[in-house]
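Student: I would like to go through some of the terms used for this model and see what each one rests on.
Tutor: Go ahead; here is the structure.

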Amino acid sequence: MISFFVCLAILIGGYFIYGGYVESCFRPPIDDRKTPAYRLEDGVDYVPMENWRVFLIQLLNIAGLGPIFGALAGAMWGPAVFLWITFGTVFAGGVHDFISGVLSERNDGASISELCGKYLGTTMRHIMRGFSVVLLVLVGVAFTTGPAGLLTKITPLSYNFWLVILLIYYFCATFLPVDKLIGKLYPFFGFCLIFMAVGVGTMLFVEGYHVPEITLTNMHPKGTPIWPIMFITVACGAISGFHSTQSPIMARCIKSERDCHKIFYGAMVCEGIIALIWAAAGVSFYGNTAGLGEAFVKYHGAGGVVYDICSGLMGYLGTVIAMIGVIACPVSSADTAFRSARYTIVDWFKIDQHTLASRLKLALPIIAVGGILTQVDVTILWRYFSWTNQTLAMLVLWSGAMYLYANKGNAWIAIIPATFMSAVSCTYILVAKEGLQLSTSIAYPVGIVFAIVAFCLFWKRAKKVDRGELNIADKPVQG
């Protein structure tokens with residue numbers, strides 16, 4: 001268990017030390033200049049909220065079931081997953097989330113598609129606009145059908161009944177002021193997410209479960225290679241592009257830019273800690289990775305495994321909390337996914353959202369499309385989510401690197417993880433079952449070449465900044 005506690009210490013220390021350094025690279029204002037929450041306050045999307053509330057909402061926005069399901073699936077490779085969760089969170093995920101939050105805050109709460117377009121070019125803006133809307137709606141659909149199925153199993157009500165109820169809730173969460181529904185419910189669900197993780201971690205220790213020490217040995221029951229599959233599978237527990245679609249929601253609500261470190265980098269570190277705990281549970285609760293693999297089959301996926309672990313470690317209370325988490329967490333990801341889709345369309349077409357009617361004109365068709373897609377088998381499309389998710393993270397990191405370069409900050413804090421994620425994303429789609437299924441002898445070198453090409457393209461655009469052909473540096477913001 002020594003490895004577990006060392007990784008936990010690195011995560012906590014990383015928040016203060018490396019997270020503080022990342023913040024300094026963006027030169028946070030020493031004054032209290034007005035954030036978009038005050039300058040553009042509209043009582044709907046731009047609403048100043050208390051720090052603790054913003055933090056819990058951000059945590060639940062980015063987490064959902066990601067740090068639980070992804071960490072358990074990553075535990076199939078054994079305790080080697082601890083390394084990716086720990087160092088991925090500190091040097092990649094935390095940087096990614098901080099970049100998306102700060103850049104949105106400094107650009108009037110802009111959605112991620114507009115930010116990528118500003119720093120990576122007009123072509124990327126057009127690609128990201130359509131890509132983001134499709135991705136967000138698919139997330140909403142997937143996190144509608146899943147909870148509806150679970151609610152059907154534990155209640156006498158039909159699947160279609162729960163679909164309708166969830167879609168009505170999503171509709172309300174999409175157009176109502178952010179502090180009326182999301183602001184009220186999310187802190188409670190965020191607390192449940194943290195409590196469930198702390199409870200599991202504590203009981204693993206109290207009950208004397210053996211958490212194995214880190215080894216680079218591949219312990220996957222099926223022999224699935226660690227590179228790059230594990231790096232994609234863990235997703236939200238280390239780095240996730242989906243987070244960048246959620247950051248603008250809270251970037252429009254923070255009271256001071258100096259709180260970005262706590263809210264964006266801090267929420268990612270908290271998610272990393274949750275993922276570390278669940279990964280530890282995965283490698284220890286069933287004795288070994290083979291036992292974990294059998295549990296996945298026996299309980300028909302991660303949801304059943306979570307239920308089994310919580311009930312086994314915490315009894316009736318654990319069962320209740322597990323059900324709250326397994327149902328409420330994906331619901332909380334779906335509603336903000338649909339809301340973020342509205343933000344993206346609003347920024348795309350410059351649509352005024354001050355009136356109820358203007359918001360309804362967007363919320364209705366977005367939820368209607370989502371409702372239609374719940375009746376269609378989108379399994380094939382969803383298989384590509386993991387890849388598109390990490391590809392989005394790669395693009396956000398490159399955007400942050402370009403921003404830092406243009407503003408004379410240390411761009412390497414983003415360049416290094418961006419290059420790494422470029423290799424991960426390319427290699428994965430080449431070897432994955434849903435990809436080209438090429439041999440590793442081909443995919444590995446091609447992935448490296450792609451990362452080098454991405455690195456070179458970045459420097460080509462950076463030189464345009466040096467020559468004054470691109471003016472993307474910050475302009476002074478009036479207080």
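Student: Why does T427 count as buried?
Tutor: This is a predicted model, and in it T427 has a relative accessibility of 0%. Buried means under 20%, so T427 counts as buried.

Student: Where is T427 found, and which residues is T427 in contact with beyond its neighbours within four places in sequence?
Tutor: T427 is found in helix α19. Leaving aside those neighbours, T427 is in contact with W227, P228, A443, Y444 and G447.

Student: What makes the pair formed by the side chain of T427 and the backbone oxygen of A423 a polar contact?
Tutor: A polar atom of the T427 side chain lies 2.7 Å from that oxygen. The limit is 3.5 Å, so the distance of 2.7 Å meets it.

Student: What lines the largest cavity?
Tutor: The lining consists of S111, I112, L136, T245, P248, S340, Y343 and T344. By class, four are nonpolar, four are polar and none is charged. Helix α15 gives the most, with three residues. The space inside is about 40 Å³.

Student: How do the residues lining the second largest pocket divide by class?
Tutor: They divide into 13 nonpolar, three polar and one charged. M124, L395, W398, A454 and L457 lie nearest the centre of this pocket, and its volume is about 450 Å³. Helix α20 gives the most to the lining, with six residues.

Conventions: Residues are numbered from 1 along each chain as its sequence is written. This is a predicted model: local features need pLDDT of at least 70, side-chain atom pairs count only at pLDDT 80 or more; totals for chains, interfaces and linings use all residues. Side-chain values use heavy atoms; hydrogens and water are left out. On a 1 Å grid over the protein atoms alone, a cavity is a set of points where a 1.4 Å probe fits but cannot get out, and a pocket is an open set with protein on both sides within 12 Å along at least five of seven lines; lining residues have an atom within 4 Å of a point. Grid points are joined across faces, edges and corners, and a volume is the space filled by probe spheres set on the points. Helices (H or I, at least four residues) and strands (E, at least two) are DSSP runs, numbered from the N terminus. Ala, Val, Leu, Ile, Met, Phe, Trp, Tyr, Cys and Pro count as nonpolar, Asp, Glu, Lys and Arg as charged, and the others, Gly among them, as polar. Buried means under 20% relative accessible area, exposed over 50%, partly exposed in between (1.4 Å probe, protein chains only). A polar contact is a pair of N or O atoms within 3.5 Å; within protein, one must be able to donate a hydrogen and the other to accept it, and residues adjacent in sequence count only if both atoms are side-chain atoms. Contact means heavy atoms within 4.5 Å.
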